[in-house]
Amino acid sequence: MPQKHDLPDPTPPQPLFRFDRRLLANFDWVMLLAVLLIATCGLLNLYSATSHSNPGFFYRQIAYYIAGLGLIGGMLCFDYRRLAAYHHLIYLGMLALLAAALWFGASVANTQRWIRLGFFNLQPSEPAKLALVISLANYYARHDTAEGLGLRDLITPGLLTFIPFFLIYKQPDLGTGLLLLAIFASMTLFAKLRLRTFAVLTSASAIGAYLGYKFLLKPYQLARITTFLNPDAPENRAAGGYHIIQSKIAIGSGMKFGKGFGNGTQVHLDFLPERHTDFAFSVWAEEWGFVGSLVLLGLYVFLLLWGLNTAIQARDKFGVLLAIGIVSLIFWQAWINVAMVLGLTPVVGMPLPLFSYGGSSLLTTLAGIGILMNIRMRRFQSLPRHQ
Amino acid sequence: MKKSVLRVISQIPKVDEAELPSLKKRLDIVTAVVLCMVGILVLRLWHLQIYMGADYRQQSERNRTRVLALPAPRGNILDRNGRLLVTNRPSFNVVWTRDDAPSTEEQEAIRRRLATLLGVDLSTILERCSLIDELPKYTPITLAEDIDWPTLARIENRRFALPGIRIEARPIRRYPEGDIASHLLGYIGAINKQELRQRRDKGYTRNDLIGKMGIERIFEDYLRGEKGRRYLEVDARGYEQQVLAVREPLPGDDITLTIDAELQHTAEQALAGKAGAVVAMEVQTGRLLVLASSPPLPISRFVGRIPPALWQSLRNDPLRPFPNKAIQDHYPPGSTYKIITAMAGLSEGVITPETVFYCSGSLKLGDTRFGCWKRGGHGAVSLRRALAESCDVYFYLVGQKLGVDRLAAYARSFGLGQRSGIELEYESAGLVPTTDWKRRTQREPWQEGETLTVAIGQGFNLATPLQVCMMTVATANGGTVYRPQFVERITKPDGTVVRRFAPKPLGTVKGDRRFLRVIHKGLVAAVNARHATGALARLDGITVAGKTGTTQVAGKNRIRSRKNDDIPYRLRDHAWFTCYAPAERPEIAVTVLVEHGGHGGSAAAPIARKVLARYFGIQPSTDNDK
């Protein structure tokens, strides 16, 4: 592999497998530890929730974790800046997968979210989140201005977000679609907006949200919102308020110290739907109580703040924005999921990252974690900053 | 690394020292936002678990919620004309949630009352309850299935003396056409431990029914539908207060077969009392019209629990109802195989359409005499007459000139000796013997005499009735071997097509396909000529082409002079007849096998004739078998 001395940056990214010794020294043990702690909690919880009815979930999740650790290793092997070089390909690949899911995807409960791969059912909206983060980070890294972004600067990232949003909305999976918007908003705000732009955008999204609520929502989505606003009304108990009521009973009955591992009655009697995926946190809160819930939330906060710390360590703007994007990806999913099972937001299909059962979500999150570790590992690998 | 990649990467702006304070400030804001948002969650947790915790704990302990599974109606199975072959009817089961009755005395009393109401022994109820302690608390168990209306009414009237007892409605199988096509349709039964272990991921639970055989088993994933759920609020004694939520079950997909129920009935009636099989196929597509095996399985009596006595009597039936004789059993194809010997002989040039051999009634090879079925001999026979009158000596001579291995290549090309790939379980591959096969499996060299027996379809040869029908289809349509197809399409309950099946050609027969015309003339003669062996398959107005076959079961011990009825059943010959019609433009091929039926011409041909008559809508006026 030839070194090109005519290039402006005399320390080009390291080629595959030629490891700088500093890379190993900078390996992000802290992040790995945080992930493993959350993983342990998640697996314990999954075992408790499913071992009596479907032990297969537990073993498959372990397999996904092993694959995911391999994936982290893979994400460390190359310089993360290559992602910026290949962002077009990544983005187009993501669009192709989303389109494939729409056109030839397996239909589960009248939605087209899955691509059957034989051994694994891929949910392309999961990796789509990460692909969007990479594309937005690349764009904002190159459009950083002191006075902040104007409206015109937002056309490209807006389009970058809207296309996958639309494809996912079509599946239909509104929750994941809105998550893309939340990631877009978080990264854009972080990249700095002009005050005027901010004002225009806020009012525009308020109007957009109102119109969306009025015209775009499907009846079941609307029902979820009205159900959320008044879960105890008799007609809503049947429509879906039931899940939230059961979830609240499960969580509340955990009290201070919980009912203990394997003793969650709400859980084991099948009252809780989706107890291994979207409602996994309810199981945890019932069995480990307020204290256990605080511990778990604490682990997430630690992981997120460590991710933010990675952002400030990054040597270039792409790294900063990439870290911010990944942190916002994990944060919004976790927050929306927990808020939903606590009855704070309407029911949307949103996994708790690293905790809920599901291969596509887990592998995507771990890939993101791998990128964060990559950024931190390569923080000393550049020249003294320009000027 | 590519130059372009390097350039792109090098253009990424670095983080400027001057920008660091601004970046830090923004990160601090983000941190604050994250902490505030998580703070909201913590407050809510405190509210639910600490402030309201005792309330919720009480609610969870009172256990006022029940989840009932609503079984989904299984998909229907229809024939090609939309006639229902398998559908559902409602049935009612008695289900008990034991823990609704607080004391063991009360539980005991309920068991006694229920035994009286159901008219069963208390021990039956206790047996059903034996598993209950291994299950999670409040798990309902089924105490009786498919109870009748009077029993249902008696239980409903006394429901206040029976806390925890509930009547559960469940759709079960109904067979409007009776036990028709039983081997093909198969049956369902209670899921066993092994099936449950394998299929837990797919949402099966302990009390589910699952396809055990045939279409019910193979298309289980389409037929089963999706269970619904009903969430109930109950009072302290388990009585329903209100329905909290319902998710309706989704019915399974319907399966439309290529089978024609009318023809299938005709075939099964014609086979009644005999052991055998009938296969009928569309000549131009390979779609099956009939796939019958006799005796039929009483699938309508397999609904719910199969009575052990019934099972035992089926096992002991000498006519062996369990195997699907059309595809799972194989027999020497007998003289129907002469089609292949003729095709091989013509294509390899050992005979021409004009070749004449002399049949003296036997052929001497070394010290052994190989007899023709007509002991007096046929005299000088042409190929046409050899097929029409099924002269063995003619085909001995053809086989002798060909050798067994050349013959085998043709047999394979007609679909013999390998599985057809039909989507049914335990299909037999049959056997096409070769010298190599014998050396491998028997460790003995091939004997020339064995070639002679193979050439007339006896000896080591084995074929399923389905394979013989495929061979006939290929002969009739000019040489295309089709994969037998029995499902036309799978549709959702609303009519949208989930999966459509199309005819699939597997290949073409070996040899010069023009010679099939020559064989065709022989087959027409085999039904319509003066001394035709298949004369009993003749139809008014439609020309039938066919070939009889009689398979020796008893070998050399068989005493030829005896009449069929005098020979013990197990030693009687198998009777074959395979045919297609109309001869000029073939539409349908029919293959009949009657186990130990005697002569193909007398035992099998009339059955094929009935199926053909029904297919062409001809009144069987000269029916001498009825």
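Contact here means heavy atoms within 4.5 Å. By that criterion, 74 residues of chain A are in contact with 57 residues of chain B. The model is predicted, with local features needing pLDDT of at least 70 and side-chain atom pairs counting only at pLDDT 80 or more, while totals for chains, interfaces and linings use all residues. Residues are numbered from 1 along each chain as its sequence is written, chains are lettered from A in the order in which they are written, and side-chain values use heavy atoms, with hydrogens and water left out.

**Interface of chains A and B**

The buried area, defined as the accessible area (1.4 Å probe) that two parts lose on being put together, summed over both, is about 6200 Å² between chain A and chain B. Carbon and sulfur atoms give 69% of that area.

One salt bridge (a side-chain nitrogen of Lys or Arg within 4 Å of a carboxyl oxygen of Asp or Glu) is counted between chain A and chain B. It joins the side chains of A:K317 and B:E19, at 3.0 Å from N to O. Polar contacts are pairs of N or O atoms within 3.5 Å; within protein, one must be able to donate a hydrogen and the other to accept it, and residues adjacent in sequence count only if both atoms are side-chain atoms. Between chain A and chain B, 11 residue pairs, both at pLDDT 80 or more, are in polar contact.

Helices (H or I, at least four residues) and strands (E, at least two) are DSSP runs, numbered from the N terminus. Among the elements that give two or more residues to the side of chain A that touches chain B are α3 (56-76), α6 (125-142) and α14 (317-341) of chain A. The largest share, 13 residues, comes from α13(A).

| Class | Members | Residues on the side of chain A that touches chain B |
|---|---|---|
| Nonpolar | Ala, Val, Leu, Ile, Met, Phe, Trp, Tyr, Cys, Pro | 41 residues |
| Polar | the others, Gly among them | 16 residues |

**Chain A**

Chain A has 15 helices and 3 strands. Buried residues (under 20% relative accessible area; exposed is over 50%, partly exposed in between; 1.4 Å probe, protein chains only) make up 59% of its 387 residues.

Helix α6(A) has 18 residues, of which 16 are buried. Its reach from first C-alpha to last is 26 Å, close to the 26 Å expected, where the expected span is 1.5 Å times one less than the number of residues.

A:T145 lies in the loop between α6 and α7 (155-169) of chain A. A:T145 is partly exposed, because its relative accessible area is 30%.
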